[in-house]
Amino acid sequence: MARPKIALIGAGNIGGTLAHLAALKELGDVVLFDIAEGLPEGKALDIAESGPSEGFDASLRGTQDYADIAGADVCIVTAGVARKPGMSRDDLLGINLKVMKSVGEGIRDNAPDAFVICITNPLDAMVWALQKFSGLPTNKVCGMAGVLDSARFRHFLAEEFDVSMKDVTAFVLGGHGDTMVPSVRYSTVAGIPLPDLVKMGWTTQEKLDAILQRTRDGGAEIVGLLKTGSAFYAPATSGIEMAEAYLKDQKRVLPCAAYCDGELGVKDMYVGVPTVIGANGIERVVDIALTKEEQEMFDNSVNAVKGLMDACKGIDGSLA
Ligand code: APR
């Protein structure tokens, strides 16, 4: 049987890391697409030349031609610009919306059966626009944010409790921005919810609140340190986790930006929610009940995403 084909649209920091991880994990053959001449070809060749030492079987190639993504099983989209210090994800909207139009059309015309994972920011609005521009079914287009945000939350919690991060589960809902909602009630250490751990004296409410804020600011913290761009190792790892769930029909329960049709009170838009990812793409949005306080925070986040969608509609009339 032929290997799966993985098309990476955007061969920058995240795209290159995605290609490396996909090859290391032997998820399939990789096509790196970018408008920058030589960049995808150079990264593809460099990673391919690591194959003999690493011992993976995967072919890698770079291209500027959308025809080369034909028949892709998975497309991961990182094309666009990343933020610099002082910028919010929302500042990227105008320029990245235009990029989503060309990428959406390229996928529509060449890889209409692919499972599409968008990583380009501002994430929730970009994945919504990408689905519209591509015309692919909503269950086949989603956005990577929740896996990354919850991985950051898990990392901070594991450090605070001095336990393995394997045993820390965390849950982040809402848009991938300042209004994201890390859920305390649904985050646990080996099944013990965070509020119980506060009662048990494992941490204090103050420290937990600081971790919640650090999670919300997780992307900005890295931008501030790197100064020349934004995070890429953890975002790429998160995207690969979602791609693997699809390719191997793992039925993973992962938070991601998914199309909601009434779930969690959200209609006809993309926002971060718990989902099941398997061979049918987003197979289910897990329609959890929120407390009044959680619902208020979630609604606030949903409204922030709606504001960005309206801004997109103002820029591109075809989205209205
Ligand atoms: N088509 C294809 N590729 C494009 C296009 C386009 N229309 N426009 C830009 N690109 C390419 C750039 O040439 C660059 O190589 O997208 C790549 C983006 O790479 P980086 O600038 O290194 O950005 P990266 O860190 O990978 O982040 C990409 O993901 O997390 C988000 O906020 C981040 O929106 C950003 C995206």
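Let me begin with how the chain folds back on itself: among contacts in the protein between residues at least 6 apart in sequence, 67% join residues at least 24 apart. Please keep in mind throughout that what we are looking at is a predicted model.

As for the overall build, the protein has 11 helices and 12 strands, and its C-alpha atoms fill a box of roughly 55 × 50 × 40 Å when that box is taken along the principal axes. For a protein of 320 residues, a compact globule would have a radius of gyration near 20 Å, and since the value here is 19 Å, the two agree. Of those 320 residues, 49% count as buried.

Let me turn to the annotated domain. UniProt, in an unreviewed entry, places the feature "domain: Lactate/malate dehydrogenase N-terminal" at residues 5–143. In the model, that span is 40% helix and 18% strand, and its end C-alpha atoms lie 19 Å apart.

Now to the ligand, and which residues are closest to it? The ligand is surrounded by 29 residues, and the closest are Gly12, Asn13, Ile14, Ala79 and Asn121. The elements that give two or more residues to this shell are helix H1, at 13–24, and helix H4, at 93–110, and of the elements it is H4 that gives the most, with four residues. If we sort the shell by class, we find 15 nonpolar, 12 polar and two charged residues.

The peptide bond from Asn121 to Pro122, however, is cis, with omega near -5 degrees. Pro122 is found in the loop that runs between strand E5, at 115–118, and helix H5, at 123–134.

The next residue I would like to show you is His176, which UniProt lists, again in an unreviewed entry, under "active site". In the model, His176 sits in the loop between strand E7, at 168–173, and strand E8, at 181–189. Is His176 buried or exposed? A residue needs 20 or more other C-beta atoms within 10 Å of its own to be called buried, and His176 has 29 such neighbours, so His176 counts as buried. Leaving aside residues up to four places away in sequence, His176 touches Leu123, Asp124, Ala145, Asp149, Ala257 and Gly272.

Asp162, which is not a glycine, has a positive phi, near 55 degrees, and Asp162 is placed in the loop between helix H6, at 146–161, and E7. Asp268 also has a positive phi, of about 55 degrees, although Asp268 is not a glycine either, but its place is in strand E11, residues 267–278.

Note on methods:
Residues numbered from 1 in each chain as written. Predicted model: local features only at pLDDT ≥ 70, side-chain atom pairs only at ≥ 80, totals over all residues. UniProt positions renumbered as here; feature names shortened; annotations may be inferred. Near = placed C-beta within 6 Å. Nonpolar A, V, L, I, M, F, W, Y, C, P; charged D, E, K, R; others polar. Rg over C-alpha atoms; globule rule 2.2 N^0.38 Å. Buried ≥ 20, exposed ≤ 12 C-beta atoms within 10 Å, placed from the backbone. Contact = placed C-beta atoms within 7 Å.
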